[in-house]
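Please examine the sequence and the three-dimensional structure shown here.

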Amino acid sequence: MNAIDKIKQICNDILSVTDEELKEAENVARNQMEYFSPLKNATMGWQYRLGEYNMEVLTVLRNLRDTIKKGENIEEPRGR
């Protein structure tokens, strides 16, 4: 598989992710950030940082999906 085919596959995969799936992943990230255990301070910190990172990734994925969708309307000129 060449680079263009790989990029096309990645774009198609990102476009296939639904809003519901993104919300589900966001709930997981929020749960990570809200994890509480008074006897596990290190785990609490790690879960929070992991949740923050996952929220950041989800934001990037949403933006990338929106950008890819914008490109779907670009048509090839006629007469080529």
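The structure is a predicted model. Its secondary structure consists of three helices and zero strands, and the order of elements from the N terminus is α-α-α. The radius of gyration is 18 Å, whereas the globule rule gives 12 Å for 80 residues, and the protein is therefore more spread out than a compact globule. Along the principal axes, the C-alpha atoms occupy a box of roughly 70 × 25 × 15 Å.

Burial and surface composition may be considered next. Of the 80 residues in the protein, 15% are buried. The exposed surface comes to about 6,700 Å², of which carbon and sulfur atoms supply 54%. The protein carries 12 positive and 14 negative side chains, and the centres of these two sets are 2 Å apart. As for contacts between residues at least 6 apart in sequence, 57% of them join residues at least 24 apart.

Helix H3 covers residues 41–71. The buried residues of H3 are Met44, Gln47, Gly51, Leu58, Arg65 and Ile68. An α-helix has 3.6 residues a turn, so residues three or four places apart point the same way. The cover over the buried residues of H3 includes helix H1 (3–16) and helix H2 (19–33).

Glutamine 32 is located in helix H2. Is this residue buried or exposed? Glutamine 32 has a relative accessible area of 13%, and because the limit for burial is under 20%, glutamine 32 counts as buried. Beyond its neighbours within four places in sequence, glutamine 32 contacts Gln47, Tyr48, Leu50, Gly51 and Asn54. Gln47 and Gly51 also belong to the buried residues of H3.

Leucine 50, which is in contact with glutamine 32, lies in helix H3. The relative accessible area of leucine 50 is 27%, and this residue is partly exposed. Which distance separates the C-alpha atoms of leucine 50 and methionine 33? These two residues are 17 residues apart along the chain, and their C-alpha atoms are separated by 7.5 Å.

How values were computed
Residues are numbered from 1 along each chain as its sequence is written. Side-chain values use heavy atoms; hydrogens and water are left out. Helices (H or I, at least four residues) and strands (E, at least two) are DSSP runs, numbered from the N terminus. The radius of gyration is taken over C-alpha atoms; the globule rule is 2.2 Å times the number of residues to the power 0.38. Buried means under 20% relative accessible area, exposed over 50%, partly exposed in between (1.4 Å probe, protein chains only). Contact means heavy atoms within 4.5 Å. Accessible areas come from the Shrake-Rupley method with a 1.4 Å probe; for residues, only the protein chains shown count as cover. Lys and Arg count as positive and Asp and Glu as negative; His and the chain ends are not counted. The place of a charge is taken as NZ of Lys, CZ of Arg, CG of Asp or CD of Glu. The expected span of a helix is 1.5 Å times one less than its number of residues.
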